[in-house]
Amino acid sequence: IQPSQTIRQLGIRLKLNPLKETIEGKRLIVVDDSIVRGNTSRKIVSILRAAGAKEVHMRISSPPTLFPCFYGIDTPTRQELIASTHSIEEIRKYITADTIGYISMDGIQKVVPHRMNYCSACFDGEYPVPFPGEKMVQLGLFDKE
């Protein structure tokens, strides 16, 4: 997580250097941990297509991030989270992938040890520490009623 989009884009360019001879003409599956804003995924798909990928299919190992995390991840409002304002198909189109798939909350529960308690607030909006209603609106967690 970087503080600005410019730094995030530079980081992508520095970290990802596709080998055209390996990618050209191939159908690729890209596995990522999450899609927060969508910009990084869009850039990754663009880089792979520029290297000659025939198809790019995204698989995300978390459910869609619908709510901000206030426990260490910099996502201050719902409006910044692509999944909170767009359907999965709209996200697919935005990042220009051929297909996109997320793991479900049920899927997460099947692979995570049941004896552990994990926070899933960014996926389901159920925060372990409740926020006053007024603060929830201010933070962009939920719309005004």
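Predicted model: local features only at pLDDT ≥ 70, side-chain atom pairs only at ≥ 80, totals over all residues.
Me: Is Gly52 buried, exposed or partly exposed?
Reply: Buried needs under 20% relative accessible area, and exposed needs over 50%. Gly52 has 25% relative accessibility, so the residue counts as partly exposed.

Me: Which residues does Gly52 touch, not counting those up to four places away in sequence?
Reply: Gly52 and Pro18 are 34 residues apart in sequence, yet their C-alpha atoms are 9.8 Å apart. For contact, heavy atoms must be within 4.5 Å. With residues up to four places away left out, Gly52 touches Ile23, Glu24, Gly25 and Lys26.

Me: How many disulfides does the count come to?
Reply: A disulfide needs two cysteine sulfur atoms within 2.5 Å. From Cys69, the nearest cysteine sulfur is that of Cys122, 5.9 Å away. From Cys119, the nearest is that of Cys69, at 6.3 Å. The count comes to 0 disulfides.

Me: Is Cys69 buried or exposed?
Reply: The cut-off for buried is under 20% relative accessible area. Cys69 has 14%, so this cysteine is buried.

Me: Which helix gives the most to the lining of the second largest pocket?
Reply: This pocket holds about 230 Å³ of space. Of its 11 lining residues, the closest to the centre are Met105, Ile108, Gln109, Val112 and Tyr118. With 3 residues, the top contributor to the lining is helix α6 (residues 105-111).

Me: How many charged residues are in the lining of the second largest pocket?
Reply: The lining has 8 nonpolar residues and 3 polar ones. The number of charged residues there: none.

Conventions
Residues numbered from 1 in each chain as written. Heavy atoms only, no water. Buried < 20%, exposed > 50% of the residue type's maximum accessible area, 1.4 Å probe, protein only. 1 Å grid on protein atoms, 1.4 Å probe; cavity = no way out; pocket = protein on both sides within 12 Å on 5 of 7 lines; lining within 4 Å. Points joined across faces, edges and corners; volume = space filled by probe spheres on them. Helix = DSSP H or I, 4+ residues; strand = E, 2+ residues; numbered from the N terminus. Nonpolar A, V, L, I, M, F, W, Y, C, P; charged D, E, K, R; others polar.
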